[in-house]
Amino acid sequence: MQNKKKITPYRVFSVFNVIFMLLLILVTAYPVYYIVIASFSDPGALSRHVGLLWMPMKPYTLSAYEMVFRNPRIITGLLNTLFVLGTGLLINLTLTMLGAFFLTIKGPMLKNAIALMIIFTMYFSGGMIPGYLNIRDLKLLDTLWALVLPGAVSTANLIIMKSGFQSIPDSLIESARLDGGSYLQILLRVMIPLSKATIAVMVLYYGVGHWNAWFNASIYLRDSDKFPLQLVVRNILKLAGSSAMASGAGMDEMAQMAELIKYALIVVTTTPILVLYPFLQKYFVKGVMVGAIKG
Amino acid sequence: MKNKKKSGLRRLGNDLRKYSDAYMMVIPVVIFYLLFCYKPMYGILIAFKDYSPAAGIWDSDWTSSYGFQHFIDFFQSYYFTRILKNTLVISISSIIFGFPAPILLALLLNELKNEKFKRVTQTISYMPHFISMVVVCSMVQLFTSNKGFITYLLSFLGGPDCSLLTRPNYFVPIYVLSGIWQGIGWDAIIYLAALTGIDQELYEAARIDGAGRWKQTLHVTLPGISGTVIIMLLLRLGNVMNVGFEKIILLYNEGIYETADVISTFVYRKGLQDFQWGYSAAVGIFNSVINFVVVMVFNKISRKVSDVSLW
Amino acid sequence: MKKLYQWKKVTACIMAAAVTLSVCACGNQNGDKDDAGKTTSQENPEASKETPAEETSSEAEKSEESQAESEAGGAAEVTYPLKEKVHLTLAMVDEAAVTANAKNLAETPFGKAWQEATGVELEIMQLADGDALNLLYASGELPDMIAYSGYTGGAEKAIKDKIIQPLNDYMQYAPDLQAVLDSNDLYKKSSTTKDGDIIGFPFIRGDDYLLSSAGLIIRQDWLDDLNLELPQTPDDLYEVLKAFKEEKGAKVPFSVGNWWLKSIALEHGLLTSPFGLVKGNFYQVDGKVHYGYAEEAYKDVLAFLNKLYAEGLLDPNFQTVDDNTIRANIMNGETGVTVGNTGGYMGNMLQTMEEDPTFNLNGFGPLVAKAGDVPMSTHYDNALPGKYIIVTPSCSNKEAAVQFLNYGYTKEGSLLFNYGIEGESYTIVDGEPTYTDLIMHNPDGLTKQLALAQYTRAWQDGPFVQEKGYQLQYADLPSQKSALSNWTRSDAAKYNMPPVTVAEEDASEYSKLMGDIGTYVSEMTIQYITGLEPLDTFESKYLETLKSMNVERAIEMRQEALDDFNAR
């Protein structure tokens, strides 16, 4: 039997906190729920429906999914995206951690100059045309590397990583230094194990970035077999939208399906990336014990 | 003079030797920036030129007014002050209301005792981030239409019974709140990560000193994430002029241009008629300069006050 | 500059000579019939040598050229397939309807048939969207041919920027295009710059029936129930809407989205004729350019819409309502009139309501002042919407490229581009090419559009003349046909602005002016319709502000462009 506990302000707060979270779940889950049920609904009934939707409109149908998966580019797109995601993440994380760690080291004379050089690019860039000519001159046009290399480091992420490293006490770096460790060793043995949460954030930021990217692909690729998933998706949406609205178009089942396809595509393309999260989530839950590593 | 230069060089030499392995680490990063960011940097010139693809960026003619014609055209636009004002209003309201929201969520999640509930809440709240803007905006329209439930709720408080997006004074709140709705869970992740970085021993020490939950939050948790908060705030302030056109275009209509039309949407509409590389580059540079100045100023303040800075 | 011009003359001359000689040579060749008309200068290396240098004098050139023209344009026709095996690259923006079922255009049944017929090996440079195309222009490294749909500063600028190779010196290789352009003055003017350069191989809508695709849509079954005729005048429309509201219980009898109201109904003059205004946007009356939104008469149009709005006949949410809601409202009996198109609106709704035999739609023509009048405007696209396949100056084999692109204008080519492959995608029924079930009811479940995209270009654009037969079979429901014939009846051709672009040097000023003016007009239009701004201020505020925004200068620039066009 549990004892009756006193009503403390903190307990009141806890109750409200839970209620607030339930409300938050409600408002953030609804759009997701809507998309899923809409993607299974009857297109005709859905197009006549006005207002909130609580149940899928009968008769249920999988035709939107059939139409999406009939497009062979969905599969090639997925493979291309996975390639970009894999190689991209590897390069992103390596360069970002190297750069961020350098900026946390106290002492190097050129540190400020390099920091300023990096920050400057957050605000000023040459724009699309010279960027394109650069990719062309590097012979990267129409290769998947054009999707990986130009975004190898995101300056904002580098700064966030740096602030993660900075929260680790300097004394750790110094003592490792006195033990004769090189900076690379310190990065690998001290900084990375202590910054797992921030690194998990980096994986998420860069990973989702690669997953959703389409713009570079749209200007650097010339072969639809190389298009990443999101570019394929955009094209399908454009097609569905244009046949829905095409001037002079006749009766077209695609037109009716446009809404459904939109929802089915969201389901198909976001499920894989949503799956990533629970794997990373464990790094956000438990706090680290700096002392444990120190000792 | 010569001596000083020499000693400077010598110091640099010593420095390079002393930190050689640190510099080795950063070389690939520097190469990346030189190759992919600085090599194409000459493209900035396009803002000062009448760009012609045949001539290329270097050989295109300078615009009149000493190269500043695109800027002058922008400043002289009938709507310049309005779109500048709207951009700032939307951006600053987003910062004031949108920036603290995920921090608050992270702190509240931190207070949940049931691990499973915490995980579920977190996972669900970050999902709207993955829904495409088109769908998010069509839902916002649905909720704020004359039959929408937000309109319905507001009508009890004296709100209008027509679509809220036809009223200029509702646009900014709708924009900001829907932004929070879409981003709160995702944006909280970085703060959750920062919370895990707090040394658990500090909580124990505070508990031994007799600090309650509230005191622990105030004296351990907040200082523990303040570095991340400040960095995120500085990064956000450095985007103060960037209000993307995509969401606004999906939400606004001509009836509420008065509060909803911003720099990016104006340039976008203009580009639909006739795309002008130089003009849009000039607008981009105008925004960047302001962003850069803002971030420099606040970075300096932050460094003085809190010892946290972007660099 | 002068040097360049002379060089051009020399080449023209050499070319002309080459043609003359090769045409003569054909007689002796006595080979395969297919080779007969095949003419490229490469084939006759001697030809250029034999051209005496003196002939570069202008008179000699003229005579030589006209001779060549008569020979090439008249007698010679290009014979397909071309004898020489050529490889050509065409850059085009990705069309999802094509790539949904094939790697690219060259690998569709259509693309293969085109290559087989012409003997050209076609490679597609697939660009994801317009940005990529802009960058391709900017990069200066161009493929042989490009699917072109405009360029900042117009075609003149594109020629100057070495993106387009004018076809003037190559027209002898495109006799069928020449014949099409000769057949219609508008075609010729539209595809020529003011300097007289021929831009490229245009997409031509060959029938007025293909020019309109949107207009006013109405619940025909309601009209029948109430014994009402299709409305013609503003008063008719008002009465019909009132009847819909009172007797059919329609809550928002006239619902139309903001975009459709502004960009179709006003911009194309669906509601303006009765008030003496052709349409909202730019139009011409006897060669004089007007900007409808800056005309006095626009006030009466706004007053009419304001009246509908005030009486609850026009959807109070017209600023924000989206297509889906409007369609749902019509199908659910809340709305009786809208502005939409044959496909997305009519086709979509009729299909959804298939099981309800009472539900029926129709289209009615733009409003007029007096029943029986012909409206001054309607939704009307230019016969040449500005889409070309252009040959670039860096093309590896211009003669072959021109011959290749000419194919779409030949008799066989036209059938291929419009209907696809005989026996597969179409058969001749009663003398008319008729799509087979492969298109109309595809066994693999492809929609009509997707099937057409594999076999034809009629669904989109291309270097050919689009035929009416496509539209008749594609939009084949009786309501759609009736709507199209109601929508197409107008004097639009008389008032329509031809596809002109303002002069290159004015382009930046024009776009700056119209950026502000366009924003102001659309903003004030809404305010006048909703009554937020009283109509009394139309002259004192609205027209005055437009004047201060220098709308007259913008009109003047369009006027100059039109004058140039008419002078061609």
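Predicted model: local features only at pLDDT ≥ 70, side-chain atom pairs only at ≥ 80, totals over all residues.
Local features require pLDDT of at least 70 and side-chain atom pairs count only at pLDDT 80 or more, whereas totals for chains, interfaces and linings use all residues. Residues are numbered from 1 along each chain as its sequence is written, with chains lettered from A and ligands numbered from 1 in the order in which they are written.

Chain C contains 25 helices and 14 strands, and chain B contains 16 helices and 2 strands. Burial was defined by counting other C-beta atoms, placed from the backbone, within 10 Å of a residue's own: 20 or more for buried, 12 or fewer for exposed, and partly exposed in between. By this criterion 53% of the 568 residues of chain C are buried, and in chain B the buried share is 38% of 311 residues. Helix H19 of chain C (residues 448–455) is mostly covered, with 8 of its 8 residues buried. The buried residues of H19(C) include Lys448(C), Gln449(C) and Gln454(C), as well as Leu450(C), Leu452(C) and Tyr455(C).

Two residues were taken to be in contact if their C-beta atoms, placed from the backbone, lie within 7 Å. For chain C, 77% of the contacts between residues at least 6 apart in sequence join residues at least 24 apart.

The C-alpha trace of chain B spans about 65 × 60 × 30 Å along its principal axes. Its radius of gyration is 25 Å, while a compact globule of 311 residues would have a value near 19 Å; the radius is taken over C-alpha atoms, and the globule rule is 2.2 Å times the number of residues to the power 0.38. Domain bounds come from an automatic or database domain assignment, which divides chain B into domain 1 (2–62) and domain 2 (78–306). The C-alpha centres of these two domains of chain B lie 34 Å apart, and 6 residues of domain 1 are in contact with 5 residues of domain 2. The domain 1 side comprises 4 nonpolar, no polar and 2 charged residues, where Ala, Val, Leu, Ile, Met, Phe, Trp, Tyr, Cys and Pro count as nonpolar, Asp, Glu, Lys and Arg as charged, and the others, Gly among them, as polar.

Chain A is assigned domain 1 (1–63) and domain 2 (71–294). Here 9 residues of domain 1 are in contact with 8 residues of domain 2. On the domain 1 side, helix H1 (9–39) and helix H2 (43–48) of chain A are the elements that give two or more residues. This side has 5 nonpolar, 4 polar and no charged residues.

Between chains B and A, the contact takes 66 residues from chain B and 76 residues from chain A. Helix H2 of chain B (residues 20–38) gives the most to the chain B side, with 12 residues. That side has 42 nonpolar, 14 polar and 10 charged residues.

A nonpolar core is a set of buried Ala, Val, Leu, Ile, Met, Phe, Trp, Tyr and Cys residues joined through C-beta atoms within 7 Å. The largest such core has 303 residues, and Phe101(A), Ile261(A) and Val339(C) have the most contacts inside it. Helix H10 of chain B (residues 168–196) gives the most to this core, with 12 residues. Neighbours within four places in sequence aside, the contacts of Val339(C) include Ala214(C), Leu216(C), Ile217(C), Val256(C) and Trp260(C).

Terms used: Helix = DSSP H or I, 4+ residues; strand = E, 2+ residues; numbered from the N terminus.
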